[in-house]
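Here are my notes on the structure you asked about. Please read them with the structure open beside you.

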Amino acid sequence: MKILLIGHGRMGHLIEQTALTHGDAIGGIIDIGNLADLQTIGRVADVAIDFSAPAALPAVAHYVRTTGTPLLSGVTGLSEADLAVFDDLGHFAPVLYSANYSVGIAVFARVLRQISDVLKPDFDIEMTETHHNQKADAPSGTARLLLDAVNSRRRRTPVYGRHGITGPRDKKEIGMHSLRGGTEAGTHTVSFFGPDEVLEITHRATSRQIFVNGALHAAGQLIRMPKGRYELQELLFGGKKE
């Protein structure tokens with residue numbers, strides 16, 4: 001598999017090293033400093049893997065539309081309008097966006113979709129995510145992914161942190177809390193607080209390698225798919241996202 005790597009920060013470097021170790025090839029490297037090269041390089045790889053920044057999305061989208069190169073994106077901090085761009089790009093190439101490429105997180109989200117409706121009537125839901133002190137966005141993209149799994153019908157209201165005198169907790173809210181410090185790769189916990197019992201599910205990443213491995217595995221599947229917008233759940237488990 002030949003990869004066009006977009007974004008050459010910590011994740012980009014690790015993707016490059018891992019891909020080369022696995023026998024894949026790098027067809028080109030694009031970073032913020034040479035983003036304009038996307039307008040001229042043409043199709044140079046089987047797939048573009050983007051772990052850059054939201055500001056690069058217009059250039060990346062133009063590249064996919066003009067070359068038809070499959071796109072795997074793991075950029076976090078995207079707005080709802082940004083995410084809608086991937087739906088359009090699916091008309092030009094197979095496209096996959098996920099805020100987290102860990103297989104464990106994919107299973108975590110799948111489990112939440114299966115159990116949350118059973119617990120919601122009697123359980124309060126709180127979510128906590130912890131990341132390193134250089135993390136730019138809060139809550140994390142993974143936290144938003146897990147929130148969507150719990151709240152896919154948008155019937156509960158996210159509350160981002162609490163301060164002051166808030167009064168009794170609203171049964172229709174989901175608490176979202178972000179911790180930042182040290183070199184934490186990523187820990188996500190969803191807690192269900194019920195009458196006289198608590199159920200907690202936690203995923204803990206010990207290094208970024210799990211995201212790299214998952215992204216490369218998904219990219220290998222994506223290049224075999226027809227044009228369209230895909231979810232990680234579809235590639236891992238088959239069928240549409242539940």
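1. Start with one term. A residue counts as buried when its relative accessible area is under 20%, and as exposed when that area is over 50%. Glu126 has a relative accessible area of 11%, so Glu126 is buried. Keep in mind that this is a predicted model.

2. Stay with Glu126. Its place is in strand E6, which covers residues 124–131. Leave aside the neighbours within four places in sequence. Glu126 then touches Arg162, Arg169, Gly175, His177, Thr189, Val190, Ser191 and Phe193. Phe192 is 66 residues away along the chain, yet the C-alpha atoms of Glu126 and Phe192 are 6.7 Å apart.

3. Now step back to the whole protein. Its secondary structure consists of 7 helices and 11 strands. The radius of gyration is 19 Å, close to the 18 Å that the globule rule gives for 242 residues, so the protein is as compact as a globular protein of that length. Along the principal axes, the C-alpha atoms fill a box of roughly 60 × 40 × 30 Å.

4. How much of the protein counts as buried? The share is 46% of the 242 residues. The accessible surface is about 11,700 Å², and carbon and sulfur atoms hold 53% of that surface. Look at the contacts too. Take those between residues at least 6 apart in sequence: 68% of them join residues at least 24 apart.

5. Charge comes next. There are 25 positive and 26 negative side chains in the protein. The centres of these two sets lie 3 Å apart.

6. Next, the inside. In soluble globular proteins, nonpolar side chains tend to be buried together. Here the largest nonpolar core has 25 residues. Ile15, Ile49, Phe51, Leu72, Leu96 and Tyr101 have the most contacts inside this core. At least two core residues come from each of strand E1 (2–6), helix H1 (10–21), strand E3 (47–50), helix H6 (209–222) and helix H7 (232–237). Helix H6 gives the most, with 7 residues.

7. Which residues does Phe51 contact, leaving aside its neighbours within four places in sequence? They are Ile6, Gly7, Met11, Ile15, Leu72, Gly74, Val75, Tyr101 and Ala215. There is also a second, separate core of 22 residues. Leu4, Tyr63, Leu71 and Tyr97 are among its members.

8. Turn to Thr142. This residue lies in helix H5, residues 141–150. Is Thr142 buried or exposed? Its relative accessibility is 5%, so Thr142 counts as buried. Beyond its neighbours within four places in sequence, Thr142 is in contact with Ala99, Asn100, Ile105 and His188.

9. Check the backbone at Pro139. The peptide bond from Ala138 to Pro139 is cis, with omega near -5°. Pro139 sits in the loop between E6 and H5.

10. Two other loop residues deserve a look. Arg154 is in the loop between H5 and strand E7 (157–160). Its phi is near 60°, a positive value in a residue other than glycine. With 55% relative accessibility, Arg154 counts as exposed. Asp196 lies in the loop between strand E9 (187–194) and strand E10 (197–204). Asp196 is not a glycine either, and its phi is positive, at about 65°. At 85% relative accessibility, Asp196 counts as exposed.

Terms used:
Residues numbered from 1 in each chain as written. Predicted model: local features only at pLDDT ≥ 70, side-chain atom pairs only at ≥ 80, totals over all residues. Heavy atoms only, no water. Helix = DSSP H or I, 4+ residues; strand = E, 2+ residues; numbered from the N terminus. Rg over C-alpha atoms; globule rule 2.2 N^0.38 Å. Buried < 20%, exposed > 50% of the residue type's maximum accessible area, 1.4 Å probe, protein only. Contact = heavy atoms within 4.5 Å. Areas by Shrake-Rupley, 256 points an atom, 1.4 Å probe, with all protein chains shown as cover. Lys, Arg positive; Asp, Glu negative; His and termini not counted. Charge placed at Lys NZ, Arg CZ, Asp CG, Glu CD. Core = buried A, V, L, I, M, F, W, Y, C linked by side-chain atoms within 4.5 Å.
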